[in-house]
Each structure stands twice: as structure tokens, then as C-alpha cells.
Amino acid sequence: MVQNTKFYQYFYQWMRLYKLDAVRPVTYQKYQMSYKQLVTLAPELKMSELTRLSYQQLLNDYAETHERQTTMDFHRHLKGALLDALEEGMIDRDPTRKAIIKGTKHRQHKTKFLHQYELQALLNELTLDEGVNWDYFILLIAKTGLRFAEALGVTPNDFDFAHQILTINKTWDYKSVAGAFAPTKNNSSVRKVPLDWQTVIQFSQLTKHLPDDQPIFVHGKVYNDTVNHYLERLCQHAQVPVISVHGLRHTHASLLLYAGVSIASVARRLGHSNMTTTQQTYIHIIQELENQDNDKVMKHLASLI
């Protein structure tokens, strides 16, 4: 029976057994995508036929239409299943050993963040006198650095206007059909974000007559693309580089770093699980600031002579 088991069949069974309800729904969806790719690329590949050569060919086929990082994720999913198959005696050797990860050339992505004067030009385009709209949503992320799903999950109850704090302890699962509150990305994502007085005034007025425990910005099905397209039009009207909603989060963090805020503080504000994530994401800014610091150090030392 094992000899005739198709690889995709084993992967589906393994995925359902070990990953369903054990990982976040959005993560499980990625395993499902890997399964669909496996069915498409290797519908006849049997477990008994898995060798380093056949596995490498599978990865190469996948890499023809995917970037290296995406291919790495695909490999990681398949390898997890195959290592368990090895332990169970379904295969007698690890076909993933020394696998080479390839991929298409890295695509030129959109600008990740705006400079301060560009952000100000964008904010000047917002309409903030017509009640709840996507303009307020954009403002909130620009001022707090929240993730898209975190901002969707914000309710009036989450604001402590007296102490100028916004509590983030949930998200909104906008990818599901019905939509519902969901946990944060990780434990570090549960946090209290200090607010400036201007944002406090704006949102205290906005939420005054809204249901305390209902998401402010969710009124039916929400699509990330809808908000991104709206933001794109605002950027074009403001004559600044087009960024995504997630780019607002990068903008927020970048401006804080340029302002001299410590990496540790930025990491806490963004809800990163550790500072390494922050350092890797904003390495270009950190290096630029280090160069400026070196200039300051040299000038200071020179003045001592």
C-alpha cells in the first residue's frame, strides 16, 4: 500500500493530522496552497519514487514561477512531512537532504515607506469630517504602525483616551467568509500603544456614538485590495510614491527610527516578537543612522584636541 501512495496523498493526510487546528488558520491556508501546488506539479509521484533527484526536480519546477523565498517556504512544508514519513518507515532515506533552493529573479516591489514630508502630504489628502471611513483607517495605521488585521479589529473599548493608550489584543479575520475576531499574530503583538493628543481627540470624537465592542471599520466583507487601491489613489493625488497599507506600518517605524527612537521601543510598538525582526526589516535605516553616529563620534573626539 505504501508503495502506491502518492506523495500528495500522504502530504494531505499529514497536513490534516498535524497542522489543522494546531496552527493559525492563515498559516494552515499556506499548507493548503503547498498541497495544491504538489497536486499540480507531481500528480503521479509516489512515495516509493522519492529520491533526491525527483525531489530536486519538484523544487525546480516550483521555482520556475516563484521567488526563492516562496520556494523555501514550499520546501519547508514538504520537508516537515517527509521527515515524519522517514520516522514512520514509509521512506528509507531523506530525499530533501542537501536540496538546492532556486527561484525567479526578485521582483521590484513598490516603495516600502514614505519620508516625513511625503507622509504629511498624504495625510493632508484625508477627509476626516464625514464619520467613519477608510481615511480614518489610514490615519490610525500611520499614527500607530498597526498591522492591517489589527487595525480592523480595533473597537471603541480598546481606546483609553484619558491615558492616551490604544490596547491591541485581537485582530479581525477578514480572510474568512463571515469575518470574526481572531488572536493576534503572536504574544508580543498584544500590547499597549501610546497615542499622541491629536489622534486622541480625533478618535474620541469619531467613536463617541459607536458600539463599544464592535470593530470600528468593519461593515460587511473587507478586502485588503480595496483599501490598497483607495490608498493608491490618495498617494497619486498627493503626488507621493504609491505604497500599500502595510507600507504605512513601515513608514511609521522608519520615521520613529530616524527620529532617534530606540530599536527596542520600535519593536515593542510594532508588536515584533524580538528586536532581530526589527533590525532585519529596517537594516538599511539602522546602517544609515550608524553612519551618522560615527560622524558625530569623530567630530566629538576631534574637538577634544
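The buried residues of helix α13 are covered by elements that include α10 (245–258), α11 (263–270) and α12 (275–281). Helices here are DSSP runs of H or I with at least four residues, strands are runs of E with at least two, and both are numbered from the N terminus. This is a predicted model, in which local features need pLDDT of at least 70 and side-chain atom pairs count only at pLDDT 80 or more, while totals for chains, interfaces and linings use all residues. Residues are numbered from 1 along each chain as its sequence is written, and side-chain values use heavy atoms, with hydrogens and water left out.

**Helix α13**

- Helix α13 spans residues 283–302, which is 20 residues, and reaches 28 Å from its first C-alpha to its last, close to the 28 Å expected at 1.5 Å a residue. The expected span is 1.5 Å times one less than the number of residues in the helix.
- Ile285, Ile286 and Leu289 are buried in α13. They cover an arc of only 90° around the axis, which places them on the same side of α13.
- Buried means under 20% relative accessible area, exposed means over 50%, and partly exposed lies in between (1.4 Å probe, protein chains only). The arc is that of the directions from the helix axis to the C-beta atoms.

**The chain as a whole**

- The chain has 13 helices and 5 strands.
- Its C-alpha atoms fill a box of roughly 70 × 65 × 35 Å, taken along the principal axes.
- Of the 305 residues of the chain, 41% count as buried.
- Among contacts between residues at least 6 apart in sequence, 66% join residues at least 24 apart. A contact means heavy atoms within 4.5 Å.

**Helix α4 and its surroundings**

- Helix α4 (residues 68–87) has 20 residues and reaches 28 Å from its first C-alpha to its last, close to the 28 Å expected at 1.5 Å a residue.
- Its buried residues are Thr71, Phe74, His75, His77, Leu78, Ala81, Leu82 and Ala85. Seen down the axis of α4, these residues fall within an arc of 160°, so they line one face of the helix.
- An α-helix has 3.6 residues a turn, so residues three or four places apart point the same way.
- On the other side of α4, Gln69 and Glu87 are exposed.
- The buried residues of α4 pack against α1 (7–18), α2 (25–41) and α3.
- After α4 comes Gly89, which has a positive phi, near 80°.
- Asn60 belongs to helix α3 (residues 52–63), and it counts as buried at 19% relative accessibility. Leaving aside residues up to four places away in sequence, Asn60 touches Ile100 and Lys102.

**The crossing of α6 and α9**

- The axes of helix α6 (residues 134–144) and α9 come within 11 Å and cross at roughly 85°. That angle makes α6 roughly perpendicular to α9.
- The α6 side of the contact consists of Trp134, Asp135, Phe137 and Ile138, and the α9 side of Val227, Tyr230, Leu231 and Leu234.
- By class, this contact of α6 with α9 has 7 nonpolar, no polar and 1 charged residues.
- Axes are lines fitted to C-alpha atoms, for helices over the stretch in contact, and angles run from 0 to 180 degrees between N-to-C directions. Angles under 35 degrees count as roughly parallel, over 145 as roughly antiparallel, 65 to 115 as roughly perpendicular and the rest as oblique.
- Ala, Val, Leu, Ile, Met, Phe, Trp, Tyr, Cys and Pro count as nonpolar, Asp, Glu, Lys and Arg as charged, and the others, Gly among them, as polar.

**Residues in and around α9**

- His237 lies in helix α9 (residues 224–238) and counts as exposed at 61% relative accessibility. The C-alpha atoms of His237 and Glu125, 112 residues apart along the chain, are separated by 7.7 Å.
- Gln239 sits in the loop between α9 and α10. Its phi is positive, about 60°, although Gln239 is not a glycine, and at 74% relative accessibility Gln239 counts as exposed.
- Gly220 is placed in the loop between α8 (197–206) and α9, and at 52% relative accessibility it counts as exposed. The C-alpha atoms of Gly220 and Tyr174 are separated by 9.6 Å, with the two residues 46 apart along the chain.

**The loop between β1 and β2**

- Gln164 is found in the loop between β1 (159–160) and β2 (165–168).
- The phi of Gln164 is near 55°, a positive value in a residue other than glycine.
- With a relative accessible area of 31%, Gln164 is partly exposed.
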